[in-house]
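Okay, thanks for coming, everyone. I'd like to walk you through one model today, so let me put it up on the screen.

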Amino acid sequence: MSAHLLGALHHTHSRLVEFAEEIAFYGGEETEKMLVEREYAGLVMHENRVLVRRWWHGCVEEGIVKWLWGSFGASSVHDTHGLFAHAVGLARHLCNSCFFQSSRDSQHRFRESDRR
C-alpha cells in the first residue's frame, strides 16, 4: 500500500512537471496543487497509521514475548533445576554410602600408584 501511494504521488508530480506549461497557460495551478496535496496527504496518513501499528506491535511484543514468556521460561527452568536437584539427592540417599566411600578410596589409591 505504501508503494502504491508513493507511486501515485510520483505519477502526479511527474505529470505536473510534464504539463507545467499547459497548466500555467490555462490557469489550472490550483487544481493541480489540490491533486498533489491530496496524494501527499493520503501517503502521510497511511504512513502514520503504519507507524502507530508498529509502535503498538512493538509494545505488545516487548510485553508478551520478552517479559511474559521470559518469566515463564525462567520459572520453568527453575522448577526443572529444583526437580533435578531433588532427584540427585534422592539417588544419593538411596545408594549405599559405602559404595561412594569405596569409589573415593579406589581413586585415591590409583593416584598414589601414579606417583610412584
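This is a predicted model: local features need pLDDT of at least 70, side-chain atom pairs count only at pLDDT 80 or more; totals for chains, interfaces and linings use all residues.

Residues are numbered from 1 along each chain as its sequence is written, and side-chain values use heavy atoms, with hydrogens and water left out.

Now confidence. pLDDT is the predictor's own confidence in each residue, on a scale from 0 to 100. The chain averages 77, and 64% of the residues score at least 70.

On to the fold. We have 4 helices and 0 strands, so to speak in DSSP runs: helices are H or I of at least four residues, strands are E of at least two, and both are numbered from the N terminus. Reading from the N terminus, the order is α-α-α-α.

How much of this chain is buried? Of its 116 residues, 9% count as buried. The cut-offs are under 20% relative accessible area for buried, over 50% for exposed, and partly exposed in between, with a 1.4 Å probe and protein chains only. The chain exposes about 10,200 Å², and carbon and sulfur atoms supply 64% of that. Those areas come from Shrake-Rupley with a 1.4 Å probe, and for residues only the protein chains shown count as cover.

Let's zoom in on α1. This helix has 17 residues and spans 24 Å from first C-alpha to last, close to the 24 Å expected at 1.5 Å a residue. That expected span is 1.5 Å times one less than the number of residues. Leu5, Leu9 and Thr12 are the buried ones in α1. Looking down the axis, they fall within an arc of 65 degrees, so they line one face of the helix; the arc is taken over directions from the helix axis to the C-beta atoms. On the other side, the exposed residues are Ala3, His4, His10, His11, Val17 and Glu18.

Take leucine 5 on that buried face: its relative accessible area is 14%. Leucine 5 and leucine 43 sit 38 residues apart in sequence, but 5.6 Å apart in space, C-alpha to C-alpha. Histidine 13, also in α1, is partly exposed at 47% relative accessibility. For histidine 13 and lysine 33, the gap is 20 residues in sequence and 9.9 Å between C-alphas.

Which side chains meet in a salt bridge? Arginine 15 and glutamate 32 do, at 3.4 Å, N to O. The pair links distant parts of the chain, from helix α1 to helix α3, 17 residues apart. The rule is a side-chain nitrogen of Lys or Arg within 4 Å of a carboxyl oxygen of Asp or Glu, and by it the count is 1. Arginine 15 is partly exposed at 26%, whereas glutamate 32 is buried at 11%.

Last stop, the surface. Val60, Ile64, Val65, Leu68, Trp69 and Phe72 make a nonpolar patch of about 610 Å². Patch residues need over 30% relative accessible area and no salt bridge, with like charges joined within 9 Å and nonpolar side chains (Val, Leu, Ile, Met, Phe, Trp, Tyr) within 5 Å. Valine 60, for one, is in helix α3, residues 29–94, and counts as partly exposed at 46%.
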